[in-house]
Amino acid sequence: MAGIGGPIGHWITREMVIAFAVIFSIPFWINAVGLYQYLGVEILIWMIYALGFNLLLGYTGKPSFGHGAYFGIGAYAFGLAQQHVVVNVWIGIGIAILAATLAGAMVAAFISHRRGIYFALMTIAFGQVFWFAAVKWHALTGGEDGLQNIPRPDVFSISLKDNEALFYLAFFFFVLVVIALWRLIHSPFGKVIKAIKQNEMRAGFIGYNVRLFKFMVFTISAGIAGLAGGLFAMAQGSAYPDVMSLHVSGLVVMMTLIGGGFVSFWGPVLGTVIFFLARDILGVLTETWLLWYGLMFIVVVMFKPEGLAGIWQDLTRTRVSKSESVDTSLISSARR
Amino acid sequence: MTVAPLFEARHIHKRFGDQVVLEEINLAFEEGELSGIMGPNGAGKTTCFNVLTGRYKPDRGQVIFAGEPITGLPPRVIAQKGVSRSFQLINLFDEYSALENVLIAVPQVRNRGFNMIRNIEQDTAAIDKAALVLERVGLKGKENEPSDQLSYGDRRALEIAVALATEPRILFLDEPTSGIGIEAMARLAELVQELKRTYTMIIIEHDMKFLFDLADRISVVHWGQVIAEGTPDELRANKWVKSSNLGKLV
Amino acid sequence: MDFILNLLPYIVNGLSLGLLFTLIALGFMLIIGVMELINLAHGSLFALGAYLAMVVISPHVPWLGAFGTWYLGLPIVLRYVLAVVMAPALVAVVGMVLEVCMRPTYGKDPLYGLLLTFGAALVLEEAIRVVWGSAEQMLQVPQNLMGPFMLGGMIYSKYQFFASAFAIVIILLVWLFLERTPYGAIIKAGAHDSEMVRALGINLTRLRLFVFGFGTALAAIAGIIMSPIWGLRPHVGVDAVIPAFLIITLGGVGSFFGAVVAGILVGLAVGITAGFASEWSLLSMYLLLIAVVTVRARGLFGKKSILEA
């Protein structure tokens with residue numbers, strides 16, 4: 001966000017430190033504001049999911065409407081790992097990421113080079129296929145009921161049964177994902193995918209293997225969704241097909257865009273918070289909260305697709321003076 | 001001892017559906033020269049250009065660059081070999097600044113495209129290179145301007161800058177004077193004159209005067225064929241050129 | 001030979017499904033033609049049509065009071081006909097509202113239009129869920145249309161034939177409209193070249209609005225007719241959009257004949273799959289889509305389309 005940004009080292013920015021500090025403190029005051037610890041865990045999980053998703057949507061411009069498949073695969077993989085391999089967080093999460101990444105790579109091989117509506121519809125189609133598999137493949141997935149009794153293993157002898165403790169494990173992964181993604185965005189790779197979003201054809205004519213880049217972005221984004229899914233399975237203690245449904249896949253799309261994923265790295269983070277606040281605060285008032293949230297999404301796409309972060313940037317841009325020197329210029333013009 | 005031409009097209013045929021657009025096109029471009037391709041609209045010169053730069057695959061024939069056949073290779077492979085082109089319809093990265101547009105094309109970045117760790121905003125070598133290219137095309141001082149807010153003439157210059165930034169062995173310019181005014185035209189002519197000294201260039205152009213002033217050799221494409229070829233002086237004396245509208249302009 | 005005979009009901013099933021799919025696809029295609037826009041909400045409007053028809057046929061709403069009781073006493077055929085007329089009209093209105101909402105996205109990156117119709121699809125599905133719940137509902141159909149009948153030793157469903165016949169009639173009407181009326185000609189011209197249409201002085205905005213309404217009304221009609229076959233639940237919308245897209249991918253955008261042929265092919269594929277493994281019939285659509293797009297994204301008849309934007 002303009003005005004308070006700026007690198008501390010090459011990897012961590014001032015904004016990141018602030019965000020980390022704020023989020024780190026959540027378990028201390030979340031009960032006091034009338035909410036509950038588990039909500040913090042949920043929000044972190046979906047933040048990770050949305051950040052990875054935004055790599056595909058906001059930065060590369062590809063809308064995946066079936067991303068729940070990878071989230072779900074991560075969840076199932078984690079559960080199955082706990083039940084059949086070994087009860088261990090790191091191995092479980094590792095397997096979750098691996099499974100989701102492989103699934104993502106497989107799908108990406110089919111579709112990552114497709115454009116526009118073909119891409120979007122194929123993501124829906126694959127999402128539905130995975131969902132169908134989750135529902136029908138009883139032996140592996142437990143069918144419609146899903147996997148039950150997924151344990152929360154201890155981490156370095158610390159029990160995670162307490163939601164607060166789980167929060168900090170999720171926070172650990174959140175920090176990793178944020179730092180890694182930030183780095184990726186500001187690397188040559190990140191620059192290239194942004195260029196691809198703007199002008200795929202020209203990127204090709206400059207010499208980039210556009211297809212391969214899109215493949216990699218899709219796969220990475222699926223892997224991160226798998227990480228979130230694994231944490232989700234651990235938090236919920238179960239894994240079930242519903243997370244792969246179109247309905248739920250749509251949630252991450254809406255969150256990411258409303259928050260401002262198109263123009264800001266932190267957009268998805270913001271969007272996730274807004275979504276859960278809407279769910280838990282609005283949701284108490286009315287059963288139709290999701291309907292209103294969806295309508296808000298439509299209005300945002302119509303009038304301000306840059307989302308909340310975009311609005312924030314508009315407000316702060318007028319106050320910040322433009323820097324003329326070449327060295328710091330990339331930051332102000334990059335906007336994220 | 002004669003040196004083989006740097007870039008060649010041999011027996012190129014291309015049809016779209018029923019229509020034969022290019023027929024038995026043979027062209028040769030020497031290294032270090034500025035070669036022009038001209039011809040009326042719809043005559044096939046744009047298609048020819050697109051075949052040479054890999055956008056279309058010819059039905060028959062070969063395209064050869066530095067002795068190596070590149071026919072039918074995807075544009076990105078051809079670009080990696082050192083062939084670069086600009087576009088007639090401005091084809092930039094509109095959300096990027098002028099600098100970023102060029103930066104994405106410089107070899108320091110292009111060769112490290114898959115690097116997910118290096119912080120590009122600290123990469124002074126790459127940034128300096130990009131700034132230099134911008135300076136060369138006359139966009140010094142406008143590095144941080146969002147490219148979609150530059151004037152048309154500046155965008156034309158940026159369009160060429162992006163093609164230039166890849167440090168190609170051969171540079172194709174597709175109607176670089178499209179839509180620009182007289183002042184920008186003079187600037188462009190100067191730029192091309194200056195680029196001539198370092199790059200082998202092939203320019204497709206509508207503006208006869210521009211081409212005749214700058215090109216070493218020109219090929220005239222009409223009715224899908226090369227109907228005349230030679231230095232500007234030779235062409236001025238050419239019967240066909242003289243009798244056509246083209247002759248009256250130069 | 002026996003094998004074929006056993007498969008016959010499923011083939012017939014597939015044919016009638018195919019005709020209905022064609023109906024969905026036609027509306028979808030008209031919209032694409034005139035506005036180069038893929039309406040992901042098309043399926044939800046399909047579903048909405050069925051739900052609204054259900055309401056028109058049997059409105060169990062307390063505030064209708066005495067009128068309600070009288071109304072429910074009317075012969076079901078009457079109420080059914082009323083539903084088939086009213087529900088698509090209402091859906092057309094919703095469709096037109098959607099078109100108006102789409103306007104800020106015209107001219108921008110098509111990504112936004114895509115996201116918007118996706119959002120609309122989710123909103124509509126959620127609205128249906130809120131109003132009618134997630135449970136399976138039933139659309140009442142006149143008794144004499146239901147039930148089995150025998151033909152050549154095989155048992156068929158009466159409703160299937162009614163549905164197919166109805167679909168054929170509607171398809172013919174649409175064809176007549178497009179080919180034989182001046183307004184239809186304008187739509188076809190608009191599909192070809194919207195700039196030209198505008199240059200001819202035709203109000204493009206109103207044309208788009210109309211086509212959107214018309215196209216979505218067709219989806220609604222398909223939804224009403226299909227609901228006894230497919231069931232009625234909020235999720236049915238997604239399942240409807242896939243065959244539509246599959247058909248235009250196979251048949252090419254803008255080819256009426258292509259849409260019909262492709263529609264029947266898709267219907268047959270789904271119907272016959274149901275013969276072997278009924279659980280898989282819906283999934284077969286998705287797999288078919290993946291296969292078709294992978295192998296030939298330009299369709300059997302198609303040239304490169306605007307869908308590849």
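Student: How far apart do the C-alpha centres of domain 1 and domain 2 of chain B lie?
Tutor: They lie 26 Å apart. The domain bounds come from an automatic or database domain assignment. This is a predicted model: local features need pLDDT of at least 70, side-chain atom pairs count only at pLDDT 80 or more, and totals for chains, interfaces and linings use all residues. Residues are numbered from 1 along each chain as its sequence is written, with chains lettered from A and ligands numbered from 1 in the order in which they are written.

Student: Which residues make up each domain of chain B?
Tutor: Domain 1 is 1-82 + 168-250, and domain 2 is 96-166.

Student: And how many residues does the contact take from each?
Tutor: Domain 1 of chain B gives 11 residues and domain 2 of chain B gives 9. Contact means C-beta atoms, placed from the backbone, within 7 Å.

Student: What gives the most on the domain 1 side?
Tutor: H7(B), with 3 residues. Helices (H or I, at least four residues) and strands (E, at least two) are DSSP runs, numbered from the N terminus.

Student: Switching to the sheet. What is the strand order in chain B?
Tutor: E2-E1-E4-E5, an open sheet of 4 strands with antiparallel pairing. Strands pair if DSSP finds at least two bridges between them. The edge strands are E2 (19-29) and E5 (68-69) of chain B.

Student: How many bridges join E1(B) and E2(B)?
Tutor: The two pair over 7 bridges. Lys14(B) stands opposite Leu22(B) in E2(B).

Student: Now chain A against chain B. How many residues from each?
Tutor: Chain A gives 25 and chain B gives 35. On the chain A side, H8(A) has the largest share, 6 residues.

Conventions: Contact = placed C-beta atoms within 7 Å.
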